[in-house]
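User: I have a structure open and want to talk through how it is put together. Can you take my questions as they come?

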Amino acid sequence: MTSEAYQQMAHTIPTNPGIYKYFDAVGTLIYVGKAKHLRKRVSSYFNKTVSSFKTYELVQRIERIEFTIVDTEQDAFLLENSLIKQFQPKYNIMLKDDKTYPFIVIKKEPFPRVFLTRRKLKDGSEYIGPFTNVWRVREILDFIKETIPLRTCKLNLTKNNIQQGKFKVCLEYHLGNCKGPCEGLQSAESYAASIQQIRQIVKGNLTPLLQQLKVEMQDFAALMEFEKAELIRQKILGLEDYQSKSVIVSAHLGSLDVFSILKEGETAYVNYLMVENGTIIHTHTVELVAQIEESEEDVLVFAIVNLREKFHSLSKEIIVGSAIDFADESINITIPKAGEKRKLLELSQKNVNYFKEELRKKRILQLEGRSDLDQQQVLCQLQEDLFLPELPLHIECFDNSNFQGSYPVSAEVCFKNGVPSKKDYRHFNVKTVVGINDFASMKEAVYRRYSRLQREGQPLPQLVIIDGGKGQLSSGMEAIRELNLQGKMVVVGLAKNIEEIFFPGDSESIKLSYDSESLKLVRRIRDEVHRFGITFHRNKRSKGTFKNELEEIPGIGKTTAEQLLKRFRSVAQIKLLTERELTAEIGGSRAAMVWRYFHDS
């Protein structure tokens, strides 16, 4: 749908809260969204400058728009979630978590059996879970078997069958693993009490059971039945040992949910900690892909709704790291600054960072394990998509990095045959550039890299990617021309936000299909140069090997430089200050030195 076509129907869009649905030319639902004000929200797709290729692609495919007006934002929130689950539109956030997780089932039958299952049936049974760790489930069931005698047979233990004496106790009874309800040796009331104890164990609430067993132990001891008292003491010790293995935060915290998010471009990772009775009973991290421009808040809210539903959370408190617009007013949103809740949030953040790094390593191994034929096909597709004269068996990528407007460095990574060649990675401490100048820094890095390859007679890459867009590409090309390397390798620029690829001198960019293998390779190369550059930069800062630019100013020492950075956060910000503002912070004489350094030319 063009902007002009939209303007003709814009006045018909309601201003109420509700949900909007976008359909393509064949009538397929391709996107569902919610809005407080439908007209304003839908108009934003057609009136603003789109900075995401996927959003641009979505707008081009919209052929028809439908609306549903609702009474409240919460109603819109719930309806949107329901429609996404039902239709799974192509451009909505995609939750990449298609695994099946185990449940503990308490079977709906006389004297219920308790066992593990991955199939949740509509049979009236009680399903507890799901659990993200099958080993944890087996550990719980083993502990229950050792602590609470239950039947494991499939006999039809109706009251009539038991009274007629149709069954005899089995070996499990003689081993002490079952109390023999099949022969009427255990009442239905006693068995039901055992089932209730199991519910408490699974939920991490062991205190009532421990208290009950201690009373029973004391009663047996008072009656001089020391063997029975000792058996119960052993159960108590087992329960306390099991409890010690659980991650107990604080019993007074009760039940709550903790979420943290790590978003990188279109991909986000969300960790979920479910806390019940002060104990972490679930921890789970998922990967989500935003198909169009979605804010970090929108992605997090989407994940919260889906994960709470998946794990059947009834908690009335959610802990997050920043404010979110959560439509369910019955839920209390907490942003902790200190204390036990803050520690929980930090634990969740550690988990989400670990998950992301492990996933990255796993994907690298998978890609490196591809057959040569697979890699060749990807490189052939990239050659075709970028109209390259040669197969890009050797690709290099450059990126700049700085910290709060200070300490510039550059990095270069190398891929050969579609996989990283880490021995050819290089980092560059910027030597010839004063202050922060991304363009000049890029020129220096490119010049130093290829002048060295020339001197050493090393082969040049078929493709060079300059991360950062047209400005950095032009600077890189200046170095290429000074080295007389034009035409000996293809150099392209990669725009940071919308993944457009620019060739030198071209006004129009190339947009690769967002799900193509060639773009996936380009993304992987870009992500690798980011990782390599940021890691190098972080290591340099932690070792204190950077010299603060402010310390270059005559008369300004390390203490004053650190004072200014602590107060104003970056050299770039300090450059914008007036001399009066500087004087208020560090005094007149030193302020004059700093101001003259940045403004006298």
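User: How many helices and strands are in the protein chain?
Analyst: The protein chain has 20 helices and 20 strands. Bear in mind that this is a predicted model.

User: How much of the chain is buried?
Analyst: Of its 601 residues, 47% count as buried. The accessible surface of the chain is about 31400 Å², and carbon and sulfur atoms hold 50% of that.

User: And what share of the contacts is between residues 24 or more positions apart?
Analyst: Counting contacts with a separation of 6 or more, 61% are between residues 24 or more positions apart.

User: OK, cores. Which residues have the most contacts inside the largest nonpolar core?
Analyst: That core has 34 residues, and F259, V270, L288, L300, I304 and F326 have the most contacts inside it. Several elements give two or more residues to this core, among them β1 (18–23), β2 (29–35), α4 (73–87) and β9 (256–264). Strands β10 (267–276) and β11 (279–289) are also on that list, as is helix α11 (296–310).

User: Which of those gives the most?
Analyst: Helix α11 does, with 8 residues.

User: What is L300 in contact with, leaving aside its neighbours within four places in sequence?
Analyst: L300 is in contact with F259, I261, V270, V320 and I324.

User: What other core lies apart from it?
Analyst: Another core, of 29 residues, lies apart from the largest one. Its members include V114, I195, I232 and L239.

User: Switching to rings. How many aromatic pairs are there?
Analyst: A search of the whole structure gives 15. One of them is Y20 with Y22, a tilted pair with 5.3 Å centre to centre and 45° between the planes.

User: Are those two buried or exposed?
Analyst: Y20 and Y22 are both buried. Ring pairs also link them with Y31 and Y45 into a cluster.

User: F259 came up in the core. What about its ring and that of Y272?
Analyst: Their centres are 4.6 Å apart and their planes are at 0°, so F259 and Y272 count as a stacked pair. F259 is in strand β9 and Y272 in strand β10, so the pair ties together parts 13 residues apart in sequence. Both residues are buried.

User: What lies over the face of F23?
Analyst: R64 does, at 4.1 Å from the ring centre.

User: Next, helix α17. Which of its residues are buried?
Analyst: Helix α17 covers residues 558–568, and its buried residues are T560, A561, L564, L565 and F568.

User: Why do you say they line one face?
Analyst: Seen down the axis of α17, the buried residues fall within an arc of 130°, so they line one face of the helix. As background, an α-helix has 3.6 residues a turn, so residues three or four places apart point the same way.

User: And which residues are exposed on the other side of α17?
Analyst: K558, T559 and K566 are exposed there.

User: Last one: where is G321?
Analyst: G321 is in the loop between β12 (317–319) and β13 (332–334). With a relative accessible area of 39%, G321 is partly exposed.

User: What is G321 in contact with, again leaving aside neighbours within four places in sequence?
Analyst: G321 is in contact with F259, I335 and L345. The C-alpha atoms of G321 and I261 are separated by 8.4 Å, and the two residues are 60 residues apart along the chain.

Note on methods:
Residues are numbered from 1 along each chain as its sequence is written. This is a predicted model: local features need pLDDT of at least 70, side-chain atom pairs count only at pLDDT 80 or more; totals for chains, interfaces and linings use all residues. Side-chain values use heavy atoms; hydrogens and water are left out. A nonpolar core is a set of buried Ala, Val, Leu, Ile, Met, Phe, Trp, Tyr and Cys residues joined through side-chain atoms within 4.5 Å. Buried means under 20% relative accessible area, exposed over 50%, partly exposed in between (1.4 Å probe, protein chains only). Helices (H or I, at least four residues) and strands (E, at least two) are DSSP runs, numbered from the N terminus. Contact means heavy atoms within 4.5 Å. Accessible areas come from the Shrake-Rupley method with a 1.4 Å probe; for residues, only the protein chains shown count as cover. Rings of Phe, Tyr and Trp (its six-membered ring) pair if their centres lie within 6.5 Å; planes under 30 degrees apart count as stacked, over 60 as edge-to-face and the rest as tilted. A charge sits over a ring if NZ of Lys or CZ of Arg is within 6 Å of the ring centre and within 35 degrees of the ring normal. The arc is that of the directions from the helix axis to the C-beta atoms.
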